[in-house]
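Here is a short report on one protein model.

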Amino acid sequence: MSGDADDVVRFRERLGLPGIIDVHTHFMPERVLRKVWAYFDSAGPLTGMEWPIEYRRDEDERLALLRSFGVLRFTSMLYPHKAGMAAWLNGWAADFARRVPDCLHTATFFPEEGVEAYVREAVEAGARVFKSHLQVGAYDPNDPLLEPVWGLLAEAGIPVVMHCGSGPAPGRHTGPEPVGRLLARHPRLPLIVAHLGMPEYTEFLALAETYPRVRLDTTMAFTDFTEDFAPFPPAERGRLAALGDRILLGTDFPNIPYPYAHQLHALERLELGEDWLRAVCHGNASALFELG
Ligand SMILES: [Zn+2]
């Protein structure tokens with residue numbers, strides 16, 4: 001077992017957790033993932049942040065690592081940056097979920113002709129979770145083409161992990177305002193705000209307080225890396241505690257610039273208690289996806 005795995009296993013043992021559920025991990029077609037890594041390699045000069053990918057390994061090694069950490073269930077977050085890609089990505093993800101049964105079948109979409117049909121097809125094929133990336137996709141969640149998609153997902157109760165905060169890089173349609181308008185029309189949408197909405201933590205926590213079906217994932221939040229450029233306001237810790245049943249562990253594995261265990265330690269040092277940690281790292285996702 002690698003040192004990384006030892007660290008994660010000790011974390012689980014301290015909490016008496018049977019395993020971890022990670023709602024925000026990335027698996028995608030190999031050549032797409034290589035492009036994502038190339039983006040992070042070049043992001044340093046663009047953003048002033050070096051972003052060395054910790055787990056740049058082959059797919060089977062990445063799967064073996066997650067399992068050695070005791071991650072029982074995870075996702076294959078993938079997302080298009082232009083029209084004409086999403087249905088193809090969904091085909092890949094459906095096949096991935098078939099060959100990797102511990103992965104929750106993941107799908108995605110883009111505002112384009114035919115989106116309602118392929119989203120419906122993905123739902124009928126058993127998709128458990130969707131990913132929407134407003135910064136990479138550069139689309140407005142209020143695009144009329146997506147209206148039937150939100151309705152369909154709200155009705156089916158299928159969560160959408162949405163990268164809608166303006167960190168680490170803002171987009172034309174990121175931030176709490178467009179999502180606020182979306183939720184006003186679809187208050188029952190089971191939205192999972194990725195990265196805890198960084199850096200607009202306060203505003204996205206407020207949306208979760210307003211809409212009981214809104215959840216947040218912890219992806220990269222509270223880590224040393226993120227605290228450097230988008231620190232979580234200490235005054236808001238009480239709201240994290242109060243929303244303890246709606247915060248889900250996410251990590252961004254494998255595209256992270258630090259070991260997996262660091263995300264867990266970053267949650268631990270918030271000092272919100274063991275019950276909170278158990279709920280965030282296992283119980284909340286287990287209930288949401290009915291994995292019990
Ligand atoms: Zn991600």
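## Contacts along the chain

Among contacts in the protein with a separation of 6 or more, 77% join residues 24 or more positions apart. A contact means heavy atoms within 4.5 Å.

## Basis of the model

The model is predicted: local features need pLDDT of at least 70, side-chain atom pairs count only at pLDDT 80 or more, and totals for chains, interfaces and linings use all residues. Residues are numbered from 1 along each chain as its sequence is written, and side-chain values use heavy atoms, with hydrogens and water left out.

## Fold and overall form

The protein has 13 helices and 9 strands. These are DSSP runs numbered from the N terminus (helices: H or I, at least four residues; strands: E, at least two).

Along the principal axes, the C-alpha atoms fill a box of roughly 50 × 45 × 40 Å.

## Surface and charge

Of the 292 residues, 60% count as buried. Buried means under 20% relative accessible area, exposed over 50%, and partly exposed in between (1.4 Å probe, protein chains only).

There are 28 positive side chains (Lys and Arg) and 40 negative ones (Asp and Glu), with His and the chain ends not counted. The centres of the two sets lie 3 Å apart, each charge being placed at NZ of Lys, CZ of Arg, CG of Asp or CD of Glu.

## Ala206

Ala206 sits in helix 9 (residues 201-210). Its relative accessibility is 28%, so Ala206 counts as partly exposed. Arg31 is 175 residues from Ala206 along the chain, and their C-alpha atoms are separated by 38 Å.
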